[in-house]
Amino acid sequence: MNESHPLPLADWLLAMADDQLILAHRNSEWIGHAPILEEDIALANIAQDELGHAMVLYELHAALTGADPDALAFFRDTAAYRSAQFVEQPKGDWAFTMLRQYLFDAAEMALLTRLVDSAYAPLAQAAAKMRNEELYHYRHSSVWLQRLGRGTAESHQRTQAALDALWPLAGQLFAPLPGDALLVAAGVIPPAAAWQEAWEEVVRPFLIACNLTIPAQTAPPPADRARHSPHLAPLLAEMQQVARFDPEAAW
Amino acid sequence: MKQERIWQALNEVADPEIPVVSLVEMGIVREARLDGDDAVTVVITPTFSGCPALHVMRQEIEAKMRALGFAQVTVETTLHPPWSSDWISDAARQKLKAFGLAPPPQHNGRIELTFLAPVACPYCDSTNTGVKNNFGSTLCRAIHYCYACQQPFEQFKAL
């Protein structure tokens, strides 16, 4: 076993959980600000589901390491987070939020569909649970993306701009972590390349059908999950503010 | 005998978000195990994994079991098998409908297929209805509108 990664599964679960938590927080920023009331409610629900998925993954991590899930969320500094820069980006406009949600939902569906066969039973069981909930997100963001991409000139232009900004970052969602080879060999997680390929097979034709142009990947996506965009620190400062103000508080 | 009393008591614990049905009728309580004379373990499973009512359910189950005389009560959560809306009992479906909440369609594991199924209005039974929002006031509800009786209504989502 690799000395520097005594618990590759714990590392992997932490990265996946952090993506869910940070995206949940970004989506929650729309509460009270969404373009229509129905979408305010929908985004709040989706954020709450992602938060639930983060909790499930933190608990799986905690079962291996003894960590406290609440402490993982509220008392870790930027450098200890393992979120991808894709989910850290500010929420942007509605097109940016929906495009990111669609790309993320499709990635999650592709992952969960494979994880239900994981050799690690607790992960396989959690995946089966999360997949059923994810169906609702995936459908919602898919419908929105069609409306935005094929809607007005302005909605199309904004959605294309979002794709141009997000596509180069999306690859990091799949980028293998240093300890992943062991997990893949043991049948615990799918190979990163197969996961990404399955995702592209779904999203490429769909984006084209939405009248969008997929930008060329001119540089490799960020790979190291210990390096963050400048947007994570302010997000954590806000998200962790109350918990850190009174760490002993109970509610 | 003791098992029977435990389940009877559990069946009195109402769903915190839908108080007309019990946690047992909703299929949320999976198991009750006696561990000796004064200890019991109750296993529950969440409907949606982000359900914020879980801690209330735990507290209420614990209080109910203590009232039955158990000194030691453990409430465990499991995700396996994943909760299915197909587990909601027929009696509970009737109660949901009377509460104004359209019951979820049976899906036998194919949730995708229910997305296109017509939803009957819980007030007038018309299927001349349309979905207004796949997300509602709680994680488990969607918002529909009945064109026959001009009423908005909520549906318990298939899961």
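## Domains of chain B

The C-alpha centres of domain 1 and domain 2 of chain B are separated by 28 Å. The model is a predicted one, in which local features need pLDDT of at least 70 and side-chain atom pairs count only at pLDDT 80 or more, while totals for chains, interfaces and linings use all residues. Residues are numbered from 1 along each chain as its sequence is written, chains are lettered from A and ligands numbered from 1 in the order in which they are written, and side-chain values use heavy atoms, with hydrogens and water left out. Domain 1 of chain B covers residues 2-77 and domain 2 of chain B covers residues 99-156; such bounds come from an automatic or database domain assignment.

Chain B contains four helices and seven strands. Helices (H or I, at least four residues) and strands (E, at least two) are DSSP runs, numbered from the N terminus. Along the sequence of chain B, these elements follow the order α-β-β-α-β-α-β-α-β-β-β. Taken along the principal axes, the C-alpha atoms of chain B fill a box of roughly 55 × 25 × 25 Å.

## Interface between the two domains

Eight residues of domain 1 of chain B are in contact with seven residues of domain 2 of chain B, contact meaning heavy atoms within 4.5 Å. The two domains of chain B bury about 640 Å² between them, with 82% of this area on carbon and sulfur atoms. Buried area is the accessible area (1.4 Å probe) that two parts lose on being put together, summed over both. Glu17(B), Ile18(B) and Phe48(B) supply 64% of the area that domain 1 of chain B buries against domain 2 of chain B, more than any other three residues.

The count of salt bridges between these domains of chain B is zero; a salt bridge requires a side-chain nitrogen of Lys or Arg within 4 Å of a carboxyl oxygen of Asp or Glu. One residue pair in polar contact (both at pLDDT 80 or more) is found across the interface of domain 1 and domain 2 of chain B. A polar contact is a pair of N or O atoms within 3.5 Å; within protein, one must be able to donate a hydrogen and the other to accept it, and residues adjacent in sequence count only if both atoms are side-chain atoms.

## Interface between the chains

Chain B places 23 residues in contact with 22 residues of chain A. The area buried between chain B and chain A is about 2200 Å², and 62% of it lies on carbon and sulfur atoms. Nine residue pairs (both at pLDDT 80 or more) are in polar contact between chain B and chain A. Helix 4 (111-114) and strand 5 (129-133) of chain B are the elements that give two or more residues to the side of chain B that touches chain A.

One salt bridge is counted between chain B and chain A. In it, the side chains of Arg131(A) and Glu112(B) meet at 3.4 Å, N to O.

## Pairs within chain A

Over all chains, the structure holds 16 salt bridges. Arg158(A) and Asp93(A) form a salt bridge whose closest N and O atoms are 3.1 Å apart. Arg158(A) belongs to helix 7 (residues 153-170) of chain A and Asp93(A) to the loop between helix 4 (85-88) and helix 5 of chain A, so the pair ties together parts that are 65 residues apart in sequence.

## Backbone features of chain B

Most residues other than glycine have a negative phi, and most peptide bonds are trans. The peptide bond from His80(B) to Pro81(B) is cis, with omega near -5 degrees, and Pro81(B) is found in the loop between strand 3 (72-77) and helix 3 (90-98) of chain B. Asp125(B), although not a glycine, has a positive phi of about 70 degrees. Asp125(B) is located in the loop between helix 4 and strand 5 of chain B.
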